[in-house]
Amino acid sequence: MKRLKTYILAPLIGAIAIISSCSKTSAPGATILKAVTTVPVNKEWSFEATPMWSDEFDYAGLPNSAKWNYDIGGSGWGNNELQYYTDNIKNVEVGNGVLTITARKEMMGAKNYTSTRLISKNKGDFLYGRIEVKAKLPSGKGTWPAIWMLPTDWAYGGWPKSGEIDIMEHVGYDQDKVHISVHTEAYNHSIKTQKSGARMVYGSSTDFHTYRVDWTPKSIIGFIDGEQLFQFLNEDRGSAVWPFDKRFHLLINVAFGGNWGAAQGIDPSVLPQKLEVDYVRVYKLKE
């Protein structure tokens, strides 16, 4: 969600280091990656059957304040997005068993559109686990919904050094094509090494589908409706490749426009558009 992405499915064997020289004469502060001499091996992992953190949205009103915060404002959020994020019930509401985030055409804070960016930071922070969200996506040119994760503590530095996990992303001009991705210092779009998977999910905006990642010390594996789509293995080459050994939190939002969302223009007439979420469940990784 951080920026425009050109998605490429890259092999995950990681046999070549991203940085060509790892000599002792490297400049101070340079990122040093160990050469990969063996193919990373993932093992079978299991998760507890009962969620350790969840929201079933079985209540009415604003989202549960014990579980969710908001990002507020119209800064563009690093992507030249066109909306102003609010905590207004017109943009975010729970009822009839679902969370609904609505992007609207209305003026606020010098922006022409409003929406909501819901976050679990400091109320739902996780290190490893199975994260599953059941959702129905908005449609229309300019919409850019995302269900994703960012580091809570930014221990390795600003984006992309501390990582990003995208559980689901969709842009309205490319209807039904859903993406799962990770971003790190070594693997990101700006150096054309991003790690991502995508497939068509027909009916993504008319039916609910499940979006999931299984995050362990050795891998991040993505699924849509239980079918594996994506795998990113820990290559044991340090935080530039694998910053995913720190706490992350959840974000759920609908952007309008932006570098990726407006890559083929926008159509304000499609608004209002809704992202509906049936549940969010996080299952603990078994030791």
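**Salt bridges in a predicted model**

Tutor: Start with one pair in this predicted model. Asp-125 forms a salt bridge with Arg-247, the closest N and O atoms being 4.0 Å apart.

Student: What makes Asp-125 and Arg-247 a pair that ties together parts of the chain?

Tutor: Look at where each one sits. Asp-125 is in strand β8, while Arg-247 is in the loop between β16 and β17, so the pair joins parts 122 residues apart in sequence.

Student: Why is the pair called a salt bridge?

Tutor: The cut-off is a Lys or Arg side-chain nitrogen within 4 Å of an Asp or Glu carboxyl oxygen. The closest N and O atoms of Arg-247 and Asp-125 are 4.0 Å apart, so the pair counts.

Student: Which residues are linked with Arg-247 in a network of salt bridges?

Tutor: Asp-125 and Asp-153 are linked with Arg-247 in that network.

Student: Why is Arg-247 called partly exposed?

Tutor: Its relative accessibility is 34%. Buried means under 20% and exposed means over 50%, so a value in between is partly exposed.

Student: How do you know that Asp-71 and Arg-117 form a salt bridge?

Tutor: Their closest N and O atoms are 2.9 Å apart. The limit is 4 Å, so they qualify. Asp-71 lies in strand β2 and Arg-117 in strand β7, 46 residues apart. Both residues are buried.

Student: What makes Glu-235 and Arg-237 a salt bridge?

Tutor: The closest N and O atoms are 2.5 Å apart, and the cut-off is 4 Å, so the pair counts. Glu-235 and Arg-237 are both buried.

Student: How many salt bridges does the rule give?

Tutor: The count is eleven.

How values were computed
Residues are numbered from 1 along each chain as its sequence is written. This is a predicted model: local features need pLDDT of at least 70, side-chain atom pairs count only at pLDDT 80 or more; totals for chains, interfaces and linings use all residues. Side-chain values use heavy atoms; hydrogens and water are left out. Helices (H or I, at least four residues) and strands (E, at least two) are DSSP runs, numbered from the N terminus. Buried means under 20% relative accessible area, exposed over 50%, partly exposed in between (1.4 Å probe, protein chains only).
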